[in-house]
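Trainee: Could you walk me through reading disulfides in a model?
Mentor: Gladly, let's look together.

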Amino acid sequence: MITRTRLAAGACALLAALAAGIALPAGAAAGEPTGEDAPKVDLVLDVSGSMRTRDIDGGTRMAAAKQAFNEVLDATPEEVQLGIRTLGADYPGDDRRTGCKDTAQLYPVGPLDRTEAKTAVATLSPTGWTPIGPALLKAADDLDGGNGSKRIVLISDGEDTCAPLDPCEVAREIAAKGIGLTIDTLGLVPNVKMRQQLSCIAEATGGTYTSVQHTDELTDKVNQLVDQAADPVVTPVATEGAAACAKAPTLKSGLYTDREEFGRQRWYRVDVEPGQELRASVSVAADRAVNPSYGVLLRAVTVHGREIVRGEAADHGRTDVISTGLRYPKAESDEEDAPAETVCLQVTNSFSAASGVKTTPGLPLELTVDVVDGPSDADDVAAFGLGRGWWLLGVLVLVGFLAGLLWGWLSRWRFAVWRTN
């Protein structure tokens, strides 16, 4: 669905994990990798009847998938717990209701027995329907539990055939659960509709979509995604902002995700000690069709409602992630036991949904909070006047003066040459 350019700040992965409602784990700082659980990957393979088509390197799509899976299983890192789920592999009939339930766990997510997994893949034969939505729901259950990275890699050669269960809406619901799960999609010899659907699924969870037309491309991409699951990652912590500052959660330095309804606001609290500086930024993503002209506002406010500082950004439909930020230095105090100041952060968006688009769950929001030691007088650039623009003004005056002298000398020289000639 999304084909427009993004803001650099939105690449963040925004949308690696989008969720709300989970408390910060005790003893762990927000946004830090804990390393307690092994990374998990569930490979979801389309085994519908269309996988018999011979258009990948002279063979069938199913043959290409099997070859790629065998090579991926050989290269899977030891620390990765890998599973394989199928869709459309068992029911060959015409009953739509039965066909749309046709998804099964071919190999359970866990420590990998390469021989057993390869044997299971070898038994697959293109059979039935394409229930992508139901398969994604089951795959999310396969990966439930633990705090390690979780990734679904969906490989399909066609769009879902089990509407009205829209797989894109399913992906958004999975993201909203806050289990930190990313869905990457690969389209075999894609058409326009399939590309749009698989792109939407991936973008809803901060994943990637890749078009594949050759066996080696499929192998390389799946290997890459499995390897990424083994890399240490910073997992955003799901939180749930409040409708007012008084009821807002208190956040520490870290990376947080939330969901914000269209045109609404969320409140969060941050404690800032004297001599510290609060740095905050927020990104809101349009993970579905929205009307052009929208913006986001981030305000730092006292508990009594006085605005301290704000950051805002607006756009007119050219990007689908919009970001802004702010900084607030808290002055040092002469008192030894001066209390911390509670700063209320308000996030407001002006997105509006396009006609016929669901407004729930809300838009994915990513909030970065960093409370650091305030800059000293010697290190603070603003202390030398640059932050107030005096240095820049002085440089411009000097450059203008020298340029005027040079231009006047050149003009007089040219006039003298003209008179002589």
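Predicted model: local features only at pLDDT ≥ 70, side-chain atom pairs only at ≥ 80, totals over all residues.

Mentor: A disulfide is a pair of cysteine sulfur atoms within 2.5 Å. Residues are numbered from 1 along each chain as its sequence is written, and side-chain values use heavy atoms, with hydrogens and water left out.

Trainee: Which pattern do the disulfides of the protein chain follow?
Mentor: Counting bonded cysteines along the chain, the pattern is 1-2, 3-4, 5-6. The rule finds three disulfides.

Trainee: Which cysteine is joined to Cys-100?
Mentor: Its partner is Cys-162, with S to S at 2.0 Å. The torsion about their S-S bond is about -100 degrees, so this disulfide is left-handed. Cys-100 sits in the loop between α2 (96-99) and β5 (103-110), and Cys-162 in the loop between β6 (150-156) and α5 (167-176), so the pair ties together parts 62 residues apart in sequence. Helices (H or I, at least four residues) and strands (E, at least two) are DSSP runs, numbered from the N terminus.

Trainee: What does Cys-168 join?
Mentor: Cys-168 bonds to Cys-200, S to S 1.7 Å. Cys-168 is in helix α5 and Cys-200 in helix α6 (residues 192-204), 32 residues apart.
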